[in-house]
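User: I would like to go through this protein with you step by step, looking at a pocket and then at charged side chains.

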Amino acid sequence: MASVDLELTTFVTRKGATGILLQGFKFRKDHQTSVSINWRCCNPKCKARCKTDIEMKQITSQPSEHNHPKCDSQELDLNDVRSACKRKAVDQPTARASKIICTETKRFQNITIKDMHSIANSIYRESQVNAKVTKREG
């Protein structure tokens with residue numbers, strides 16, 4: 001199988017899993033074998049797929065056609081901010097969500113109030129899940 005020369009970027013999905021960004025489209029892990037990883041488009045209505053080697057260094061099959069436009073840069077930035085905020089909320093459970101959001105959104109220009117509310121809700125959900133896990137372990 002010949003490898004395809006495309007730029008591959010990894011990111012953390014909303015649920016904390018690893019995803020890849022390829023040609024402006026986001027993919028989530030679908031299936032893994034001993035030699036490759038199959039990826040599926042993050043859009044639930046899209047059937048596009050691609051395949052990488054197990055180390056996620058090379059794309060081993062050309063991505064299939066998407067039925068939707070590429071992700072815009074604001075959506076990708078928002079995903080980065082949300083992931084960073086959720087990680088900080090878990091690492092610093094006593095920190096206020098507003099402080100975490102202000103710290104992380106300083107480097108982005110296009111974050112709206114609606115986006116900040118969405119991020120705050122993500123932080124709240126993540127902290128609730130983390131609190132339940134901690135309570136079970138204790």
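User: How many nonpolar, polar and charged residues does the lining of the second largest pocket have?

Analyst: This is a predicted model, in which local features need pLDDT of at least 70 and side-chain atom pairs count only at pLDDT 80 or more, while totals for chains, interfaces and linings use all residues. Residues are numbered from 1 along each chain as its sequence is written, and side-chain values use heavy atoms, with hydrogens and water left out. On a 1 Å grid over the protein atoms alone, a pocket is an open set of points where a 1.4 Å probe fits, with protein on both sides within 12 Å along at least five of seven lines, and lining residues have an atom within 4 Å of a point. Ala, Val, Leu, Ile, Met, Phe, Trp, Tyr, Cys and Pro count as nonpolar, Asp, Glu, Lys and Arg as charged and the others as polar, and by class this lining has ten nonpolar, five polar and no charged residues.

User: Which helix gives the most to the lining of the second largest pocket?

Analyst: Helices are DSSP runs (H or I, at least four residues) numbered from the N terminus, and helix 1 (73–91), helix 2 (97–105) and helix 3 (113–137) each supply at least two lining residues. The one that gives the most, with eight residues, is helix 3.

User: Is E104 buried or exposed?

Analyst: The side chains of E104 and K88 meet in a salt bridge (a side-chain nitrogen of Lys or Arg within 4 Å of a carboxyl oxygen of Asp or Glu). Buried means under 20% relative accessible area, exposed over 50%, and partly exposed in between, with a 1.4 Å probe and protein chains only. K88, at 29%, is partly exposed, whereas E104, because its relative accessible area is 8%, counts as buried.
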